[in-house]
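Biologist: I would like to learn how to read a structure file feature by feature. Could you take me through one?

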Amino acid sequence: MTKYVGAIDQGTTSTRFIVFDQRGATVAVDQVEHAQIMPQPGWVEHDANEIWANTQQVVAGALAKAGLTAADLVSIGITNQRETTVLWDKATGQPLHNALVWMDTRTSDLVAELERDGGQDRLRGKTGLPLATYFSGLKLAWLLDTLPGARARAEAGELLFGTIDTWLAWNLTGLHITDVTNASRTQLMDLATLEWDDELLELMRIPRACLPEICSSSEVYGTCTRVLNGVPLAGLLGDQQAALFGQACLAPGEAKNTYGTGCFMLMNTGEQPFPSTSGLLTTLAYKLGDAPAVYALEGSIPIAGALVQWLRDNLGLIAHASEIEALAASVPDNGDVYCVPAFSGLYAPHWDDRARGVIAGLTRFVTKAHIARAALEAVAFQVREVVDAMTRDSGVEIVELRADGGMVVNELLMQFQADILGVPVVRPKVIETTALGAAYAAGLAVGYWQSTADITANWGVDKRWQPTMAEDRRAAMYGKWNKAVARAQGWVD
């Protein structure tokens, strides 16, 4: 009987379950969006119960589409939006508050307080991360400070903390676990020891009793119940690390960029953490069972596909996200308009929580088509900033960019990305590399794939975009982009 591997891909805007075969090809997929809850500017929340309900729905949906049951799966993996923070009651399983999403900025005052003694980079040596609202440790601290009685209950072991991988694993198996990639995004784990760090816990006033056990990214953690009854849970990876793994970037120097709600570029740096001096993050790439951990450099951009959603939902410039390409292509250029989508501040390489979005260069000539084009170009400009920083840090010139995520079907964006970088952009045959990476981790743990050589053998090119823009044009446009970024910075007093 043919067997398969499943992957839960729990993202910022939707939840998917994808079934893969041994060649890494998609057998079936089901997807459901969830609500984006925004109580006030800069605050972004999700309903963790809605996410769990949607997870069960898409698992059942994908299996039904393929005519399969849980018994047809050798294992499943989970990949997730990484820093989104849930705090729930251990006895009842009910969250105490909506999940605080990774792009939420409500912890800016806590960040400023910690920065006063040692600056933004005071924790980089141990965690690889600057102080920023992005990471989940301070989100947990905010919940413990804000919810009545929460800190005492957490200290007593009555409350459990987790990012979305932990929340789903707990609901599926009853285990309170996370993997090294997600733990590395809390700013509570020591990159060298791969353990929760007492000094960091004390600094952020986090009780150890509420924290999950840190595991590798690929091992049999336990057996699922409910909709996946009897299936081993054997892979856990944060979404961007999963995409790196799914893109077969398994050797130092290999890099990928994921175009999703945000943009996230990771470069494999091998078995030693590589400190950044150019505004990048040092993070875990993956850890396979008992093998040494592999590290990565990361450039994180919070707003990419979310900018298209904003044009659709907030401004009404388009009715469907898929319309953005045709609208942008209806004009020959951006009309000298530049859009900096700093809705949650600027992340890599600037790390400016006080920045806010701007649209610069407006004249009476400008139409909604120019703004649409500027929005797509903003995604590519942000990636160019990260690529430049990665080259400075690593000394490695990127000769091609492996691209994945929902936006890689946008031909206009991919061509402009190649043009503004001056290097080819490559789309793989399977663009669902985030889910595929989680599936690979789960399949390796149970012997469905024998080694990472099988992952490399499965990877293949679907399309390659070559740069066609003249160098002087590239330099002029990038210069204008930098002027627009300068106007976005430091907007909040």
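Biologist: How many of the eight residues of helix 9 (residues 239-246) are buried?

Modeller: Eight of its eight residues are buried, so helix 9 is mostly covered. Buried means under 20% relative accessible area, exposed means over 50%, and partly exposed lies in between, with a 1.4 Å probe and protein chains only. Helices here are DSSP runs of H or I with at least four residues, strands are runs of E with at least two, and both are numbered from the N terminus. The buried set of helix 9 includes Asp239, Gln240, Leu244 and Phe245. Ala248 follows helix 9 and has a positive phi, near 60 degrees.

Biologist: What kind of model is this, and how are residues numbered?

Modeller: This is a predicted model: local features need pLDDT of at least 70, side-chain atom pairs count only at pLDDT 80 or more, and totals for chains, interfaces and linings use all residues. Residues are numbered from 1 along each chain as its sequence is written, and side-chain values use heavy atoms, with hydrogens and water left out.

Biologist: How do I read a pair of packed helices?

Modeller: Two packed helices are described by the angle between their axes and the distance between the axes. Axes are lines fitted to C-alpha atoms, for helices over the stretch in contact, and angles run from 0 to 180 degrees between N-to-C directions. Here, helix 1 (residues 48-66) and helix 6 (residues 164-173) have axes that come within 11 Å and cross at roughly 60 degrees. Helix 1 and helix 6 are therefore oblique to each other: under 35 degrees counts as roughly parallel, over 145 as roughly antiparallel, 65 to 115 as roughly perpendicular, and the rest as oblique.

Biologist: Which residues of helix 1 and helix 6 meet?

Modeller: Ala48, Asn49, Ile51, Trp52 and Thr55 in helix 1 meet Ile164, Trp167, Leu168, Asn171 and Leu172 in helix 6. Contact means heavy atoms within 4.5 Å.

Biologist: Now a sheet, please. What is the strand order in the open sheet of seven strands?

Modeller: The order is 17-18-16-15-21-22-23, with mixed pairing. Two strands pair if DSSP finds at least two bridges between them. Strand 17 (281-286) and strand 23 (461-465) are the edges, each pairing on one side only. On average, neighbouring strands of this sheet are turned by 30 degrees against each other, direction ignored.

Biologist: How does strand 18 sit within that sheet?

Modeller: In a regular strand the side chains alternate between the two faces of the sheet. In strand 18 (residues 294-301), Val294, Ala296, Glu298 and Ser300 point one way, Tyr295, Leu297, Gly299 and Ile301 point the other way, and all are buried. Strand 16 (residues 263-270) runs antiparallel to strand 18, joined by seven bridges, and Asn268 stands opposite Ala296. Strand 17 also pairs with strand 18 in the antiparallel sense, over five bridges; there Thr282 has Leu297 as its bridge partner.
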